[in-house]
Amino acid sequence: AEDGYDLWLRYRPLATNDAAALQRDAQSVERRDDTPTLRVAVDEVRRGLAGLSGRASADGTSAHPVVLATGADRDVAALRLPLATLGDEGYLVRSTTFGGRRVTLVTANTDRGVLYGSFAMLRYLQTGGSLASIDLTSTPRVKLRVLNHWDNLDGVVERGYAGQSLWDWWTLPDFRDPRYTDYARANASIGINGTVLNNVNAKAESLTPRYIAKAAALADVFRPYGIKVYLSARFSAPIELGGLKTADPLDPQVAAWWKAKADEIYRAIPDFGGFLVKANSEGQPGPRDYHRSHADGANMLAAAVAPHGGIVMWRAFVYADTDPEDRAKQAYTEFKPLDGKFADNVIVQVKNGAIDFQPREPFHPLFGAMPKTPLMIEFQITKEYLGFATHLAYLGPLFAETLASETMQKPGETVANVVDGVAEGHTLTGMAGVANIGRDRDWAGSTFNQANWYAFGRMAWDPTLAAAPVAREWAAMTFAPTPAIVDPVVGMMMGSREAVVDYMTPLGLAHLMATGHHYGPGPWVADLKRSEWNPVYYHRADKTGIGFDRTKTGSDAVAQYAPALARRLADPATTPERELLWFHHLPWDRRLASGRTVWAEMVHDYDAGVDYVSTMRRQWALLQFSIDAERWTKTATYLAVQEREARWWRDASVAYWMSVNHLPLPPGVAPPA
Ligand code: GCU
């Protein structure tokens with residue numbers, strides 16, 4: 001059945017002519033060396049070619065083979081290909097003559113590069129390319145391309161909407177579910193090379209011998225696919241597991257405990273990636289409990305893993321309920337002074353925006369503000385604030401919008417330049433995505449959610465990629481490489497995230513979701529003890545106006561950006577309208593570029609969001625007979641849910657704003673039926 005299990009690695013037969021060409025140009029698959037990685041690469045190419053050409057895979061030697069070999073191979077070396085610039089993970093795929101035969105050569109400096117090249121070749125075929133003229137080369141621009149699983153040891157995934165955790169801790173380490181291999185294949189196909197197995201809200205237990213053994217079993221499965229395992233570490237583990245009185249990072253006993261723990265982990269997992277740490281955030285323990293800095297904490301852990309080549313990803317997602325400062329400012333206030341104070345094997349992980357994975361946020365002011373510190377960006381692939389699994393929202397445009405943002409710290413510098421290390425010449429670079437993966441048959445809770453996993457991987461490989469071509473690849477691979485399907489599907493996807501912004505949080509508003517679960521509207525909520533968790537904290541609407549004043553007359557968060565950008569954001573007239581109410585508290589009747597008032601524009605956006613979802617439903621209906629029944633029906637059902645809930649968002653929000661501003665509906669707007 002087409003239940004979505006195959007993701008974008010479906011390998012269904014191509015159209016007749018293309019399949020025939022593939023049979024002619026790829027008669028067999030050979031590998032020139034024997035490593036676990038080359039073995040899985042050959043398996044994948046065989047599986048892919050057999051599926052795409054619609055024949056049982058040929059074998060042995062033949063006139064037109066696909067050859068997988070590293071540059072160390074003598075015949076490859078003789079070709080004098082430009083491999084030097086490919087680094088450890090780049091690849092080159094080319095049709096060439098080799099040992100007297102016409103071959104498709106997949107090569108690289110390492111077997112991992114060959115694996116990535118193999119997947120790139122398959123992608124090229126799946127999206128309509130032909131082997132006769134193949135010439136592909138690519139090198140990742142980012143070193144750590146990592147999924148963060150917020151998976152608890154009891155199987156519940158925090159903010160997960162695709163079922164239980166994939167990791168069956170109960171049957172590990174003995175049973176290695178074949179699904180773990182398919183997970184690794186999917187990740188390797190898009191270049192992901194690391195996975196943090198457990199939730200950032202970590203339990204110390206994940207560092208006990210029995211869990212280390214389970215993690216080691218997963219690491220064994222993932223290793224041939226070039227994927228390293230990391231663990232989230234609970235900062236107070238020396239107390240909970242080690243019986244120490246303190247977790248003070250400057251206490252020698254604490255440092256020794258972590259060193260021994262790291263040694264123990266590396267005995268089981270020699271290529272263990274390192275630790276991810278959420279410290280002093282939302283109740284988690286951390287170095288601030290001992291009046292030490294985040295750098296003190298990170299560096300202590302970094303010293304424990306350094307002898308083994310490990311790293312520490314230290315999160316900058318910090319804010320405290322005791323701190324009266326604008327929540328959007330707290331991470332910068334805490335981390336900016338620590339620039340240059342982190343050890344070489346520490347990378348600071350910063351969310352894309354300063355609050356929390358909203359449908360739209362301006363880029364985080366730390367990007368470009370800590371030039372001496374490697375910073376990695378953290379996106380959320382799971383849609384905590386964007387309608388969970390049911391709402392269709394392609395996040396490619398969100399990722400690309402953030403990455404393309406100009407920091408204005410230096411001429412032309414973008415967030416992508418900070419992330420890929422070009423801005424400061426950092427070589428430790430990374431991008432993390434909070435996974436949307438669970439045990440559902442389709443992995444991500446819906447077919448279209450798979451696109452967000454896909455886009456994250458592709459953009460982590462190359463943060464300068466645009467959202468539309470990535471969507472085209474995904475649609476061609478996931479459905480079929482025909483314009484009659486790809487065009488309307490990509491059409492739906494490209495505006496889908498903006499539609500969510502429109503019906504949830506127009507004009508730069510944020511955090512208006514019902515509290516706790518974050519599903520559905522709740523702009524009226526004002527009674528939570530932690531004031532910064534109340535939606536009213538964010539919109540600040542009253543009779544006269546709406547929005548959060550983050551200029552000098554308010555929290556002055558704009559001053560955390562580069563001076564030129566801060567000047568621009570200080571004035572509503574030069575602030576992008578899509579971020580207007582994030583930075584400004586404005587009268588309801590202020591005129592915008594459209595000629596409409598703020599109030600009329602908001603209502604216009606709510607309607608536009610609802611209309612977009614209705615249009616997606618109609619477009620999807622037209623594809624009914626082009627897409628298999630199971631995937632079509634589930635998506636159609638979800639779109640109906642989304643349409644109903646987009647109306648709910650609009651109507652509930654508009655009604656609430658009217659109770660605050662006492663304004664009538666703008667002219668021309670019909671009251672909801
Ligand atoms: C959000 C999310 C939490 C999560 C936190 C984090 O606040 O709602 O579930 O733990 O982000 O990123 O640490």
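View 1. The chain's pLDDT (the predictor's confidence in each residue, from 0 to 100) averages 97, and 99% of the residues score at least 70. This is a predicted model, where local features need pLDDT of at least 70 and side-chain atom pairs count only at pLDDT 80 or more, while totals for chains, interfaces and linings use all residues. Residues are numbered from 1 along each chain as its sequence is written. The model's other scores are ipTM 0.99 and pTM 0.98.

**View 2. The domains.** The domain bounds come from an automatic or database domain assignment. Domain 1 is 16–138, domain 2 is pieced together from 144–159 + 175–352 + 366–383 + 406–438, and domain 3 from 500–548 + 585–661. Taken over C-alpha atoms, the centres of domain 2 and domain 3 are 33 Å apart.

**View 3. Around the ligand.** Look for Glu158, Arg159, Val200, Asn201, Lys278, Glu282, Phe317, Asp356 and Glu384 around the ligand; a residue is near a molecule if its C-beta atom, placed from the backbone, lies within 6 Å of it. Sorted by class, that shell has 6 charged, 2 nonpolar and 1 polar residues. Here Asp, Glu, Lys and Arg count as charged; Ala, Val, Leu, Ile, Met, Phe, Trp, Tyr, Cys and Pro as nonpolar; and the others, Gly among them, as polar.

**View 4. Helix α21.** Helices here are DSSP runs (H or I, at least four residues), strands are too (E, at least two), and both are numbered from the N terminus. Helix α21 (residues 629–661) has 33 residues and reaches 47 Å from its first C-alpha to its last, close to the 48 Å expected at 1.5 Å a residue (1.5 Å times one less than its number of residues). Its buried residues include Leu639, Trp649 and Trp657, and the buried residues pack against α13 (447–461), α16 (496–504) and α20 (598–622). After α21 comes histidine 662, with a positive phi near 55 degrees.

**View 5. Glycine 508.** Glycine 508 sits in the loop between α16 and α17 (535–539). It's buried because 22 other C-beta atoms lie within 10 Å (20 or more makes a residue buried, 12 or fewer exposed, anything in between partly exposed, with C-beta atoms placed from the backbone). Leucine 581 is 73 residues away along the chain, yet its C-alpha is 4.8 Å from that of glycine 508. Leaving out residues up to four places away in sequence, glycine 508 touches several residues, among them Arg360, Leu581 and Phe583; contact means C-beta atoms, placed from the backbone, within 7 Å.

How values were computed. Contact = placed C-beta atoms within 7 Å.
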